[in-house]
Amino acid sequence: MPVGSRARRVAVIAAPPVSMFNLAIPEMLFGKVEIDGGPGYETVICTPDPGPVTTTGGLDLVVPHGLEAVEGADTVILAGSGAHEDPDPRVLDVLRASAGDGKRIASICTGAFALAEAGLLDGRAATTYWAYRPLLAARHPAVDLQDDVLFVQDGPVLTSSGYAAGIDLCLHVIRTDHGAAVANAVARLALVAPVRPGGQTQFTQTPLPPERGVSFADTRAWAMEHLDEPLGLTDLARHAGVSVRTLSRRFHAETGVSPLQWLLHQRVERAKELLETTSLAMDQVARASGLGSADSLRQHVLRRTGLTPSAYRSSFNRLTSAVAP
């Protein structure tokens, strides 16, 4: 049966001692996907030895499914484990078999160590939690480790950095499968940040609270309501009540990207949502998202998705009525 006609199955491997937070992320997000009135995903947690599974927090979780649950999965996700330097050989065998079957394989946090040990990251771009990067680099020099990014996709293999970056990875998977509108709807339901680019930095450099005790959250919310307008640094700084220099410095410290990078990302995401949910002509989509022209829309959507706007709409638009050219 084609994947598109049923819920996609996601198998999450819990290798003890597993991170409870890592383990909760996939079910929390994939479980909120609804497509045409039905679940978009079926998430199953499995482990080498079904039953009580120790966690990094000292608690035990009962996992009833063994690694045979991976066989019917479309996507395999390995949660971070405290035993990252000595992965279970049974997990490695399952990962290699899954790769041989063409499954999409992902890791959260230290799960990248098992992917590397299985040989799945050799010659591939990958990442892990920044504190463990030197160890992974020393143990697996064939891996093309990326500095300070949230997540990386190289072909069918995805790796994310620590903890909450697993949220970004799962939202990226949902967006890849079902489009930006679905992924952003899931983010809203889960009360997490909308889809962020994988190249965003893992952590901010400034430990101090924002100046005057306020963040730029209100300014970002205001900008989201005015994406169709020609916003620039001066406009954002004026709304925030700070200088352009202060805005640029504090905005990057708070979000990990510059104000203009953030604006462009949000505009492309808005354009993708409009392509998915409306029949607007391309120049209308470009204006409504703040990208200006149909040529600019094509350039940015193609760069972000590998598809032209028309091809993206054809792949993800769910309107039952005819779509305007």
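Let me begin with a cluster, in which ring pairs link Phe 113, Tyr 129, Trp 130 and Tyr 132; rings of Phe, Tyr and Trp (its six-membered ring) pair if their centres lie within 6.5 Å, and planes under 30 degrees apart count as stacked, over 60 as edge-to-face and the rest as tilted. Please keep in mind that this is a predicted model, in which local features need pLDDT of at least 70 and side-chain atom pairs count only at pLDDT 80 or more, while totals for chains, interfaces and linings use all residues. Residues are numbered from 1 along each chain as its sequence is written, and side-chain values use heavy atoms, with hydrogens and water left out.

The structure holds seven aromatic pairs. In one of them, the rings of Phe 30 and Tyr 41 have centres 4.7 Å apart and planes at 55 degrees, so this pair is tilted. It links distant parts of the chain, since Phe 30 belongs to helix α1 and Tyr 41 to strand β4 (residues 41-46), eleven residues apart; helices (H or I, at least four residues) and strands (E, at least two) are DSSP runs, numbered from the N terminus. Phe 30 counts as buried at 0% relative accessibility, and Tyr 41 does too at 6%, where buried means under 20% relative accessible area, exposed over 50% and partly exposed in between (1.4 Å probe, protein chains only).

Turning to helix α7 (residues 217-224), we find Thr 219 there, and this residue is buried, with a relative accessible area of 4%. Leaving aside neighbours within four places in sequence, Thr 219 is in contact with Leu 236, His 239 and Ala 240, contact meaning heavy atoms within 4.5 Å.
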